[in-house]
Amino acid sequence: MRTPSFLTQVLTTSVMGVVIGLGLGWRQQAVTQNANTTAANSSPEPQSAIAASEPMDSMAPMEFLVLAGGGAPHYNEIALEKNVRYFQRTLGVMGIDLSRVRQYFANGNDGDATVRYINLVGQEQFKPPEIEQLDGAATVSNAQTWFEGLANKSSPCPAFFYFTGHGAYNGDNPDNNAMILWEEEFVSVQRLSSWLDQLPAEQPFVTMMAQCFSGSFANLIYEQGNPENPVALQTRCGFFATVAERPSVGCTPAVNEADYRDYSSSFFAGLSGVDRIGQPVASADYNTDGKVSYAEAHAFAKVDEETTDWPVSTVEVWLQEQASEEKIAEIFAQPISDWIAQAEPHRQYVVRALSEKLSLDLNQSYSSQM
């Protein structure tokens with residue numbers, strides 16, 4: 001048996017997201033049409049597939065929140081600032097005005113030189129943040145105020161939250177890792193979920209988080225962010241750079257964006273069709289409906305670059321938790337082609353593309369080859 005590579009691990013999470021769901025009788029259509037549908041093991045299905053299947057520009061008006069940067073200057077890398085700029089360009093390509101976005105980065109607008117970068121002769125330097133229409137510092141107070149404002153709107157509206165920064169691993173409870181905000185303040189899965197719990201039941205919420213150990217935030221689909229609790233009433237979903245137990249790539253003081261190989265780069269390239277250096281990329285419209293959904297952008301990111309990241313989504317994590325080891329073994333004993341035939345187009349793309357990279361025979365089972 002070959003030693004598992006990062007591609008093997010990515011394929012495993014991707015295949016599990018496809019075939020375990022199919023093996024348990026899950027369908028996105030069932031989730032969309034009836035949020036109370038139950039899977040074969042009688043666990044309630046999360047409503048995340050509804051929001052995941054929507055493109056960013058299809059649900060207007062929409063509120064956006066960006067939290068970004070390191071917790072202190074010595075790890076507030078320029079790549080995080082450049083990620084925010086790339087997100088802005090992505091919105092521009094999609095015709096979304098920055099006035100609809102609240103952006104909080106590191107120390108904000110106080111003028112202090114906190115952004116770490118390496119200059120052309122290899123020296124470490126610092127500069128103030130340079131982000132168009134920056135609203136302030138990435139503090140817990142600013143973040144909580146935004147969520148409170150969202151909860152108090154006269155009518156619910158869709159929301160998209162982008163976090164690019166650093167994550168903290170909780171060794172005592174990896175289901176409750178944290179993102180690190182400015183001045184090294186932590187916001188855990190459960191703390192973020194407590195803010196989400198205050199939103200109206202009909203409030204759709206999508207997040208894309210690109211930090212170490214970010215997969216833990218897949219638990220935001222549960223009340224109070226606790227997987228022992230029921231699935232929350234709101235339609236919540238998320239896409240994450242990596243699983244709960246692993247660090248991610250992308251936090252670098254290097255200034256050349258052409259060298260960046262991280263989840264933000266791939267996700268927004270898939271979503272907009274333009275990479276971070278302005279070049280067009282292959283379309284992620286895998287179902288050919290003329291739009292790119294979040295789920296399709298996530299599928300694009302799984303295959304786009306060979307990094308150490310293992311991207312996951314809320315629905316993928318949830319599905320894996322529903323299946324026993326025996327059920328997984330049974331599913332993986334089936335020919336890969338059997339499951340591709342039943343999968344949605346974006347999942348077909350992921351399994352086919354990663355199988356090709358690993359030289360897998362689609363007519364054989366996954367377990368027999370790995």
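These numbered points describe the packing of side chains in a predicted model.

1. Basis. The model is predicted, and local features need pLDDT of at least 70, side-chain atom pairs count only at pLDDT 80 or more, and totals for chains, interfaces and linings use all residues. Residues are numbered from 1 along each chain as its sequence is written, and side-chain values use heavy atoms, with hydrogens and water left out.

2. Cores. The largest nonpolar core has 52 residues, and those with the most contacts inside it are Met 56, Phe 87, Phe 160 and Phe 267. A second, separate core has 37 residues, including Ala 138, Trp 146, Phe 147 and Leu 181. A nonpolar core here is a set of buried Ala, Val, Leu, Ile, Met, Phe, Trp, Tyr and Cys residues joined through side-chain atoms within 4.5 Å. Buried means under 20% relative accessible area, exposed over 50%, and partly exposed in between, with a 1.4 Å probe and protein chains only.

3. Phe 87 and Phe 160. The whole structure has 19 aromatic pairs. Rings of Phe, Tyr and Trp (its six-membered ring) pair if their centres lie within 6.5 Å; planes under 30 degrees apart count as stacked, over 60 as edge-to-face and the rest as tilted. The Phe 87 and Phe 160 pair is stacked because the ring centres are 6.0 Å apart and the planes are at 15°. Phe 87 lies in helix 4 (residues 78-93) and Phe 160 in strand 5, so this pair ties together parts that are 73 residues apart in sequence. Helices (H or I, at least four residues) and strands (E, at least two) are DSSP runs, numbered from the N terminus. Phe 87 is buried at a relative accessible area of 0%, and Phe 160 is buried with a relative accessible area of 0%.

4. Around Phe 160. Leaving aside neighbours within four places in sequence, Phe 160 is in contact with residues including Met 56, Phe 64, Phe 87, Met 208 and Tyr 294; contact means heavy atoms within 4.5 Å. One aromatic cluster includes Phe 64, Phe 87, Phe 160 and Tyr 294 among its members.

5. Helix 6. In helix 6 (residues 189-196), the residues Val 189, Leu 192, Ser 193, Trp 195 and Leu 196 are buried. They are on the same side of helix 6 because they cover an arc of only 155° around the axis, the arc being that of the directions from the helix axis to the C-beta atoms. Among the elements covering these buried residues are helix 5 (140-151), strand 5 (159-168) and strand 9 (236-240).

6. Phe 147 and Trp 195. Both residues are buried. Their rings form a tilted aromatic pair, 5.4 Å centre to centre, with 40° between the planes. Phe 147 lies in helix 5 and Trp 195 in helix 6, so the pair ties together parts that are 48 residues apart in sequence.

7. Cysteines. The count of disulfides comes to zero, a disulfide being a pair of cysteine sulfur atoms within 2.5 Å. For Cys 212, the nearest cysteine sulfur is that of Cys 251, 6.1 Å away. Cys 212 is buried, with a relative accessible area of 17%, and Cys 237 is buried at 1%.

8. Asn 76. This residue is in the loop between strand 1 (63-69) and helix 4. Asn 76 is buried at 0% relative accessibility. Leaving aside neighbours within four places in sequence, Asn 76 is in contact with residues including Gly 69, Phe 105, Thr 114 and Arg 116.
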